Amino acid sequence: MSEKRKSAILDSSMDCIISINWQGHILEFNPAAERTLGILKTQICGHCFFENFALNEDKKTFMVSLSHQFSHASGLVLDRRSKVQLMRASGQAFPAEITITSARISMDKRLEFTLHLRDVTQEQKIQSRLHFLAYKNPLTHLSNRTHLMLELNLAVEDAKLNNDVLALFFLDLDNFKKINDTLGHKAGDILLVEVASRLNAVCGENDIIARLGGDEFILVLSGDLTSESIGEKAQQVLAVLRDVITIKEKNYRIPASIGIAISESGSVNPDELIQHADIAMYHAKTKGRDNFQLYTQLLGDQAHEDGEYERRIQAALELNQLSMVYQPKVTAQGTLVSLEALIRWHHPTLGNISPAEFIPIAEQSNLIVAIGEFVIVSVLKTLKQWFDQGYQMLPVSINIAGRHLVCPEFLPFIKSQLARYNIDGKYIEIEITESMLIEDIDTCVSILNELKLLNCNVSVDDFGTGYSSLSYLKILPLDILKIDRSFVAESDVKNEDAEICATIVNLAKSLKLTAIAEGIETKSQLIALQKMGCEYFQGFYFHRPKSAENISKLLTIKNVIQYSETL
């Protein structure tokens, strides 16, 4: 090869090409090498490459490789790409890939070597970023689900080999949705980052910490664990999360519900561990939140049973096993003023299943949303039929669960169905429970105001059984308070219950709301409530729940009054 051609190749190459002799002294040093190593050829030629550019801890190894003409099994080897750390002339270390080839010059038995060197700093940054995106949650920098499962699989295998105990904590933040909804997603992100920081602070370097998504986190502890040490760690996590966090100059607390699943000697696989801890976490929520619960087989059996029940409820929706009945609300004289829609489930083999049995299970999942939408559509269809048949129209109240009320699809669904059936919103009452208001008052106020814009009335069911603040009642756009049947039942014989009922009636009047006593079964109860000033009633004393067909027979009565006009 001519010297000109050789020089052209060396000068145009993007990789560093460096020739050294048998002693490691630099013979050739192309422009790419000058740029990468930060020194000119004229300054470095004749100097030992490894003495100038190898890290101190690697110099001896590289010189031994050179003495063996790069044919020794360890260190640098001919024609093999090696990843090494080198040093620029400035002293800055950088990652490189190096491949060494050899050539014999003339009849000299000694070899010359060419180092093909490439700076892989940028490549490693890209690889590191890709690894981060693949295995880390970008917001919290904790492991994501993919990395969690890889690490958890390894942890389970190690536990099998070492006869260790694994404890998996499933955390769900109790107040995250409220903060996220009221302060915005940026505030929610600040909170999640703070949670990640606090979890890192209380966990060991060998513990696995992951964010599954949303406000769910996983901790995995391993080693010589006992029930006591696991419980202590759970209390430590709960305590650190309870500490105040300041967002937008306001103090908040972020308690969590924790479910714990334990695997001895890797006896439970990763998927089951997470599933068991998830079940225990939901049990912690039912126990009042801000606590931890251990998974037990009893919990697992109950979850399995509920799962089977959910599948039956789903089938009931798909197979039209659900239907509606309507219970009238009346004046003391028995004049109809409105109706309450009540769902019924007739199973082909199990017979009639009480709503008290299947609604609580449906409320644990999005099935309650499907049921709520079924009720809304059924009621509007019935109202449309009555309207088309010329019956006088009465408002119908629909019980809406908390999960359904706050879901994003609720208001758009109501609006679309009212438009579809061409029903004025004044013929719909949305009935919610007092406990829903306590749980998330701000969200409820916003949604209820939207319902009022649709002309719908709002009723609070089971009033008096919770702990509602009078200040909340002032800001809530309510129309009706329903006195819970537990107070009505003995209002005619117990002074305490009578006083509660009278208080609710007076409270409703002072707030310009309508009070309805539900569960009226005797004339004595009716008389007692009338004396308190209650004007509207519901119960078996007047009417049991009836089918739409039987209700339509009552609607033909001429003295039916428009309930909406009495409010």
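Trainee: What is the volume of the largest cavity?

Mentor: The largest cavity has a volume of about 30 Å³, where a cavity is a set of points on a 1 Å grid over the protein atoms alone at which a 1.4 Å probe fits but cannot get out, and where points are joined across faces, edges and corners and the volume is the space filled by probe spheres set on them. The model is a predicted one, in which local features need pLDDT of at least 70 and side-chain atom pairs pLDDT 80 or more, while totals for chains, interfaces and linings use all residues. Residues are numbered from 1 along each chain as its sequence is written, and side-chain values use heavy atoms, without hydrogens or water.

A search of the whole structure finds one cavity of 30 Å³ or more. Its lining, meaning residues with an atom within 4 Å of a point, consists of I376, L380, I398, I414, L418, I428 and C456. By class, the lining has seven nonpolar, no polar and no charged residues, with Ala, Val, Leu, Ile, Met, Phe, Trp, Tyr, Cys and Pro counted as nonpolar, Asp, Glu, Lys and Arg as charged and the others, Gly among them, as polar. Helix 14 and helix 16 (410–421) each contribute at least two residues to this lining; helices are DSSP runs of H or I with at least four residues, and strands are E runs with at least two, both numbered from the N terminus.

Helix 14 (residues 367–388) also meets helix 13 (residues 355–362), their axes coming within 7 Å and crossing at roughly 125 degrees; axes are lines fitted to C-alpha atoms, for helices over the stretch in contact, and angles run from 0 to 180 degrees between N-to-C directions. Helix 13 is therefore oblique to helix 14, given that under 35 degrees counts as roughly parallel, over 145 as roughly antiparallel, 65 to 115 as roughly perpendicular and the rest as oblique. Here F358, I359 and A362 of helix 13 are in contact (heavy atoms within 4.5 Å) with L367, I368 and I371 of helix 14, a set of six nonpolar, no polar and no charged residues.

Elsewhere, helix 11 (residues 270–286) packs on helix 12 (residues 297–318) at about 90 degrees with axes 10 Å apart, so helix 11 is roughly perpendicular to helix 12. This contact involves I279, A280 and H283 of helix 11 and L299, G300 and A303 of helix 12, which amounts to four nonpolar, two polar and no charged residues.

Three bridges join strand 11 (residues 256–264) to strand 12 in parallel, and G259 stands opposite Q293 in strand 12.

Another open sheet has five strands in the order 2-1-5-4-3, with antiparallel pairing, and its edge strands are strand 2 (26–29) and strand 3 (82–87). Five bridges join strand 1 (residues 16–20) to strand 5 (residues 111–119), where F113 is the bridge partner of I20. Helix 6 (residues 121–135) lies across strand 4 (93–104) and strand 5, running at about 130 degrees to strand 4.

Conventions: 1 Å grid on protein atoms, 1.4 Å probe; cavity = no way out; pocket = protein on both sides within 12 Å on 5 of 7 lines; lining within 4 Å. Pairing = 2+ DSSP bridges.
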